[in-house]
Amino acid sequence: MEGFKFEEEEFRACCGSTQFAKEMAKASPFSSLEEAVTVARDVWFNKVDVTGWLQAFSAHPQIGHSPPSSSHPTSAQWSKGEQSTAIATATSSSLQELSQWNARYREKFGFVFLICASGKSTDGILAELKKRYPNRPIVEFEIAAKEQMKITELRLAKLFSTKEKVPSTGNVNPSVAAKKVEEDRVSIIGGHLSASSDISAVKTETPTRTRPPITTHVLDISRGSPGAGIEVCLEMWKGHQPHPVFGESTTGGWVFQGSSTTNSDGRSGQLLSIFDAVNPGIYRISFNTGKYCPGGFFPYVSIVFEIRESQKLEHFHVPLLLSPFSFSTYRGS
């Protein structure tokens, strides 16, 4: 099997560091997206120097601004898509405040405020900027590098999706193989967003689990069929209080872990990677039911649940039984 072969210029669209792009091109071809992501993490955290990190940072526009004229055209296009939620949720006042804080941030740290903006609102980005602003420069530099890696992984997935050839073994239906590649991409991305990146080399261990610790599926009980094509998002509570309090604002407390869309069987792709012990805490899984059923009663449905320290090795299946005017759930296995 030849694998996926990419040129240096294509990797520059994923990360603006010339050093990173050269190392990735040298390591190409890759047998899968998972292999490419593993190599990319090692290259970024262990081979690219400080100058390369700054070069990558400078390739990004401020949130709400157009990409620099020197940006790679594909990178510029992807950047606009990654900021689409922020732009859609922005007001003139929030954009002005964000611009002011961006300027303060650049003046203090010497580089643009970097965050994996995909799926984040303007208010959420602004809250994160304010939270990170008091950091010491060395701390913030490492955080920015981790955010860059998240962006790079998202873009590597997009790069792989541009390849029409899907590696297969035997007589595999091309549409099924393509679907498998898509699910693999979701798994890799969701896994990284759900775990803190380490500046040291990443060591891969074979987990004893055979599936992610948190899964879901949707059954449309009004039609008696799986709920296909429903967007699903998983978040974890990271607020100042140990848990969200009923009736109080939770702005900024929920942290994105992963997202996917249910397939023809009503099952989502992997919202977390497959690792032995899930982090104990409070999770929220949300379903975009309004888009699935525009005439229904619920614009979206969120289910909040807690995983305790004693349960971190268990599996949590959180299904949704849905109709236009009602829903229910339970903990499955």
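**Sheet and cores**

Guide: In β7, E306 is the residue that stands opposite I282. This is a predicted model, where local features need pLDDT of at least 70, side-chain atom pairs count only at pLDDT 80 or more, and totals for chains, interfaces and linings use all residues. Residues are numbered from 1 along each chain as its sequence is written, and side-chain values use heavy atoms, with hydrogens and water left out.

Visitor: How do you know that β6 and β7 pair?
Guide: Two strands (DSSP E runs of at least two residues, numbered from the N terminus) pair if DSSP finds at least two bridges between them. Antiparallel β6 (residues 281-287) and β7 are joined by 7 bridges, so they meet the definition.

Visitor: What makes β5 and β7 edge strands?
Guide: The open, antiparallel sheet has 4 strands, ordered β5-β4-β6-β7. Because β5 (254-261) and β7 (301-307) each have a single partner strand, one side of each lacks a neighbour in the sheet.

Visitor: Why is a set of residues called a nonpolar core?
Guide: The name applies because its members are buried Ala, Val, Leu, Ile, Met, Phe, Trp, Tyr and Cys residues joined through side-chain atoms within 4.5 Å; buried means under 20% relative accessible area, with a 1.4 Å probe and protein chains only. The largest such core has 45 residues, and F11, F20, W44, W53 and F57 touch the most other members. Its largest share, 10 residues, comes from α9.

Visitor: What does F57 touch?
Guide: Leaving out residues up to four places away in sequence, its contacts include W44, F111 and F141, where contact means heavy atoms within 4.5 Å.

Terms used:
Buried < 20%, exposed > 50% of the residue type's maximum accessible area, 1.4 Å probe, protein only.
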